[in-house]
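The exercises below concern a predicted model. Each task is followed by a solution in steps.

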Amino acid sequence: MTKKLYYEDPYLMETTVQVNESSADEHGPYVILDQTCFYPEGGGQPADRGLIGAADVTDVQTIEGEIRHYLDRQLEPGKYVAVLDWQRRWDHMQQHAGQHLLSALLEDHHGYKTISFHLGQERVSIDLHQASIDQETLRHVELEANRIIQRHLQIHTRFVDEQQLEQLRLRKPPAVSGEIRLVDMEGIDLNACGGTHPDNTAGIGMLKILGTEKAKGGTRLYFLCGERALEHFGKLSDVSDALIGKLNAPLAELTQATDNLLAEKSAADKELVELKKQLLLFESKAMSPEKGVIIQNFTDRPVKELQQLARLVTQQYPSTCALFAAQKADSIRFVCGRGEESEADMRETLKRLLAETDGKGGGTPALAQGGGNTTAPFERFREIFSEIHAND
């Protein structure tokens with residue numbers, strides 16, 4: 001049985017360990033140690049990382065009652081120095097303790113019970129049993145949590161048996177039986193928990209609620225604690241400083257400046273659409289049929305534009321059939337259209353053109369589009385279209 005040093009001293013960063021067993025499974029090589037400072041994944045808290053000798057610890061899992069330390073290489077049995085990735089552990093301690101505090105305040109003061117906890121790489125979340133929570137409640141809980149953090153309340157841990165457990169009032173029943181580990185945040189929370197935590201609330205640093213969303217019939221609440229929250233604020237500050245410079249507006253007026261910019265963009269977009277329509281109209285009027293067809297090849301032109309152009313041309317010349325194409329080095333897109341006085345079926349024409357490619361397409365008798373890969377010159381498609389529709 002591996003001795004769990006992370007329970008005796010969660011601040012232990014380095015120790016000497018004995019590799020008792022070296023093996024591998026479907027997840028890779030692993031070792032079993034006589035004692036470990038590496039916390040295995042569990043209870044919503046990710047596994048620790050670090051080094052055992054020269055091998056990277058990539059994961060730590062409890063499997064069939066043993067703690068497996070997965071490595072990037074195999075280690076032979078013997079003694080090694082184990083070094084914890086302390087920054088990762090400290091972050092997990094801050095987030096996990098912050099979750100205890102946040103869940104306790106939400107339940108005790110506002111009746112919101114925590115259903116589950118997830119400590120992600122970027123954000124931390126808890127799932128609450130109710131479908132919504134108002135902003136005023138969130139602001140109040142966040143303020144109260146940070147005031148408690150500043151009080152340096154002790155966070156104790158201890159093990160109790162099931163008989164002792166009956167005398168205690170826990171926030172929720174433990175998920176395991178036998179000897180139970182309790183985490184006691186002085187006067188705030190008493191809960192069964194196997195995770196690692198700072199020894200007092202000041203270690204949490206700070207707590208910031210980021211927002212909520214609906215999830216699994218309840219509410220998912222996102223938050224950050226400690227140095228992770230500080231890093232998040234730093235990123236927000238960098239972004240706001242950049243926007244202040246770009247929009248030439250103070251912080252308090254950024255929202256209004258953004259709204260003004262979006263309104264200007266929307267108006268400009270509408271004007272651009274109208275100008276494109278006018279340009280396509282002038283372009284269509286500059287075209288004229290030859291032997292009942294209009295054929296033109298473009299480079300990298302959007303198919304939607306070619307469709308609009310085909311509609312305009314065939315409205316102007318109702319007995320005409322038109323082929324517009326956008327050809328690159330090894331691919332081509334077709335738009336085939338005909339005016340209302342023509343009885344041609346553009347779907348059949350498109351099939352003839354696509355037979356020269358590996359592509360596909362579809363549409364209506366009046367307008368069809370498609371394309372595929374081909375190295376054939378455009379003149380080949382001009383010939384096919386002209387043969388079908390010349391003097392229809």
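**Exercise 1: The nonpolar cores**

Solution. Next, consider the largest nonpolar core, which has 32 residues. L102 is among the members that touch the most others, together with L101, L106, I126, L207, L221 and F223. Elements that each supply at least two residues of this core include α2 (86-110), β10 (124-128) and β14 (207-215). The greatest contribution is that of α2, with six residues. Another core, of 23 residues, lies apart from this one and has Y6, Y39, A47 and M93 among its members.

**Exercise 2: Aromatic pairs**

Task: Classify the pair formed by Y7 and F159 from its ring geometry.

Solution. The ring centres of Y7 and F159 are 5.7 Å apart, and the planes stand at 65°. Planes over 60 degrees apart count as edge-to-face, so the pair is edge-to-face. Y7 lies in helix α1 (residues 5-8) and F159 in strand β11 (residues 155-160), so the pair ties together parts 152 residues apart in sequence. F159 is partly exposed, at a relative accessible area of 41%. Y6, Y7, Y39 and F159 form one aromatic cluster.

**Exercise 3: Two helices**

Task: Describe how α8 passes α9.

Solution. The axes of helix α8 (residues 346-354) and helix α9 (residues 378-389) come within 10 Å and cross at roughly 145°. The crossing is right-handed. M346, T349, R352 and L353 in α8 meet F381, I384, F385, I388 and H389 in α9. By class, this contact has six nonpolar, two polar and one charged residues.

Definitions and conventions. Residues are numbered from 1 along each chain as its sequence is written. This is a predicted model: local features need pLDDT of at least 70, side-chain atom pairs count only at pLDDT 80 or more; totals for chains, interfaces and linings use all residues. Side-chain values use heavy atoms; hydrogens and water are left out. Axes are lines fitted to C-alpha atoms, for helices over the stretch in contact, and angles run from 0 to 180 degrees between N-to-C directions. Helices (H or I, at least four residues) and strands (E, at least two) are DSSP runs, numbered from the N terminus. A crossing is left-handed if the near helix is turned anticlockwise from the far one by less than a right angle, and right-handed if clockwise. Contact means heavy atoms within 4.5 Å. Ala, Val, Leu, Ile, Met, Phe, Trp, Tyr, Cys and Pro count as nonpolar, Asp, Glu, Lys and Arg as charged, and the others, Gly among them, as polar. A nonpolar core is a set of buried Ala, Val, Leu, Ile, Met, Phe, Trp, Tyr and Cys residues joined through side-chain atoms within 4.5 Å. Buried means under 20% relative accessible area, exposed over 50%, partly exposed in between (1.4 Å probe, protein chains only). Rings of Phe, Tyr and Trp (its six-membered ring) pair if their centres lie within 6.5 Å; planes under 30 degrees apart count as stacked, over 60 as edge-to-face and the rest as tilted.
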